[in-house]
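Subject: The model I promised you

Hi,

Here is the structure we talked about. Have a look at it first, then read on for my notes.

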Amino acid sequence: MQKARIYRGIILLIIGVIIGVAACTKDPLIPEAKDVIAFTVPKGWPQPHYNFENNTLTSAGFVLGRKIFYDPRLSKDNSVSCGTCHQSYAAFANFDHALSHGVNDQLGTRNSPALFNLNWHNGFFWDGGANHIENQPIGPIQNPLEMSETIANVVMKMDTSVVYKRLFMDAFGSDTINSQRIFKALAQFMGSMISCNSKYDHYVRKESGGDMTASELSGLHVFRAKCATCHQEPLFSDYSYRNNGIAPTNANDIGRGRITTDSSDYYKFKVPSLRNLKYSGPYMHDGRYTTIDEVLNHYTNSADMYNYPTIDPLVKNGISLSAQEKTDLKSFLNTLNDTAFIHDIRFQLPQ
Amino acid sequence: MNKILILLLSIVFISYGCRKKDDVLIDKTSNTGATSPKVKLLFRNVVNGQTLKLNTTNYTNEHGDTFSVSIYKYYISNITLTKDDGKVYAEPNSYHLIDEAGDSTKSIVMRDLVKGNYTQISFLIGVDRAMNTSGAQTGALDPINGMFWDWNQGYIMAKMEGNSPQASATNHVIFHLGGYNGPKSALRWVTMQLPTAALVDNGKEPVININSDVAQWFKTPTVVNFAITSIVSGVNDESVMIADNYQDMFTIDHIDN
């Protein structure tokens, strides 16, 4: 018993130091208190919308949040966890799945988004239906097609667990388990998932590992000329809701329009980040495109632009890209893949 | 062993330090503690003036439809009380969920008021915009209470459910009113003059008895016909219509001094 506590204390200490130190700048950051983790905004990035206000980031909170993220007991039949549809090796999207399976193998209606740099989003889900990172999990937990569970049952299940009680004590100072603590812990975990160590990032910060090839640099030039308004650096999204002209399907998903009920928002979806595309396909709100070639072919073919009233003026007439520009652009997009993030053991299911 | 103790102690201290201190708006001359001046708000839910009884009783709405009530819950927030000299007491952390099924929720005690004669009360039906966009909440605002929408996230300001033979196919009447933003918001401010002043003083706890009339939801300015409108859940023209009706559901029944 004594040894277990010592090991746990040491692990917490190590996690705290590692998270605090693994900042995306050249200078490491030492947390002031061993338990509190200093969250670092990557050099040159804008300030995030969420910075753990009223939810101090600690190693204990992070560990609890990770356990909850990977816990299938959040679902009605104890089979589906957040990690089921948000897989670490897929940049926390659902590998090779256009749509995902919830409890009883039911198919959802939208593609599972990749999860990283969430603190910079001002809305969650493809339609921004959740306005805050802490409340976002309520959606999938209670969606009958996804986890089909109630908050009350989740709290009840956790309350029967001695392990959870101890983790809540570590994270929040008492073993009371309520939804606020569950969501704050999850936000500490998810809010720590920062992807800022791709080749492009090293290039921009003039660090080792940032040597771009001629094709990649040409691709960056093409990107800045043709894509960067919506897919704004450094997050590679402006996190606005836009209609990029992909044709409607039988699902007739009106996206953002369902939230604002404003017809000027019909068929608009959140601009996704272009980071980690290698891991996070298929693409679009319904996962209809398996390859980046298909995505680029849509943008370059004005005939493929559906004549919506709400189509974004920037893509309405198609985007012109020569064959060479497409090749270079794809090379550039590859420099946004962050293998350090994908392999980061802190975010994975503990073995 | 010492390292473990330090680690555990630091966890405890950090957790304690991160608890929010209450911002209590009190006059410095007020007495606090056991004899602190208090006021109680006591809510009584009624239908056309009769005390509401869930499930068992049939009522009639303005249109002439009969109905019973199975659920009746609403948020009251941002409560202020105004004295006869114009000074205002604002309740700190003012968020309450009045639930007909929970008797203890119908009583709100406010403490540490400035002594005097209070003549006006004001509050918001629902949860204000700021609290809808500030992340995970607890207590009355815990989503476990079933008053928070999952996919278009925000609070359900008021909820009424029941049965009516005049309602469509399933006979269910379901009114979940929400929306915290813009012209279709279901938030409504209520201001009422007290018929007699509530006399607030040390060691006293006057009771402001407030009625909330379900029938008003379906009465004015728009009469609701359950055959046409029995399920309203969302942010739309119908939810606005019901909210415009329910903003008049409160009356001050009497003051107990």
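Predicted model: local features only at pLDDT ≥ 70, side-chain atom pairs only at ≥ 80, totals over all residues.

Chain A averages a pLDDT of 92, and 90% of its residues score at least 70. The stretch to watch is residues 25-34 of chain A, where pLDDT stays under 50. For that stretch the model has 18 contacts beyond four places in sequence, so please read those contacts with the score in mind, given that pLDDT is the predictor's confidence in each residue.

Now chain B. It has 3 helices and 15 strands. Of its 257 residues, 51% are buried. If you take the contacts in chain B between residues at least 6 apart in sequence, 73% of them join residues at least 24 apart. As for the surface, chain B exposes about 11,800 Å², and carbon and sulfur atoms supply 51% of that area.

On to empty space. Rolling a probe the size of a water molecule over the atoms shows where such space is left. Which residues line the second largest cavity? They are Asp71(A), Arg73(A), Leu74(A), Val154(A), Lys157(A), Met158(A) and Tyr164(A). Helix α5 of chain A (residues 151-159) gives the most to this lining, with 3 residues. Sorted by class, the lining has 4 nonpolar and 3 charged residues, and no polar ones.

Next, two residues in loops. Gln87(A) sits in the loop between α3 (82-85) and α4 (138-142) of chain A. Is Gln87(A) buried or exposed? Its relative accessibility is 13%, so Gln87(A) counts as buried; the cut-off for that is under 20%. Setting aside neighbours within four places in sequence, Gln87(A) is in contact with Phe92(A), Ala93(A), Asn94(A) and Phe95(A).

Gly182(B) is also in a loop, the one between β11 (172-178) and β12 (188-200) of chain B. With a relative accessible area of 48%, Gly182(B) is partly exposed, because the exposed class starts over 50%. Gly182(B) and Arg129(B) are 53 residues apart along the chain, and their C-alpha atoms are separated by 9.9 Å.

That's everything from me for now.

Cheers

Key
Residues numbered from 1 in each chain as written. Chains lettered and ligands numbered in written order. Heavy atoms only, no water. 1 Å grid on protein atoms, 1.4 Å probe; cavity = no way out; pocket = protein on both sides within 12 Å on 5 of 7 lines; lining within 4 Å. Helix = DSSP H or I, 4+ residues; strand = E, 2+ residues; numbered from the N terminus. Nonpolar A, V, L, I, M, F, W, Y, C, P; charged D, E, K, R; others polar. Buried < 20%, exposed > 50% of the residue type's maximum accessible area, 1.4 Å probe, protein only. Contact = heavy atoms within 4.5 Å. Areas by Shrake-Rupley, 256 points an atom, 1.4 Å probe, with all protein chains shown as cover. pLDDT = per-residue confidence, 0-100.
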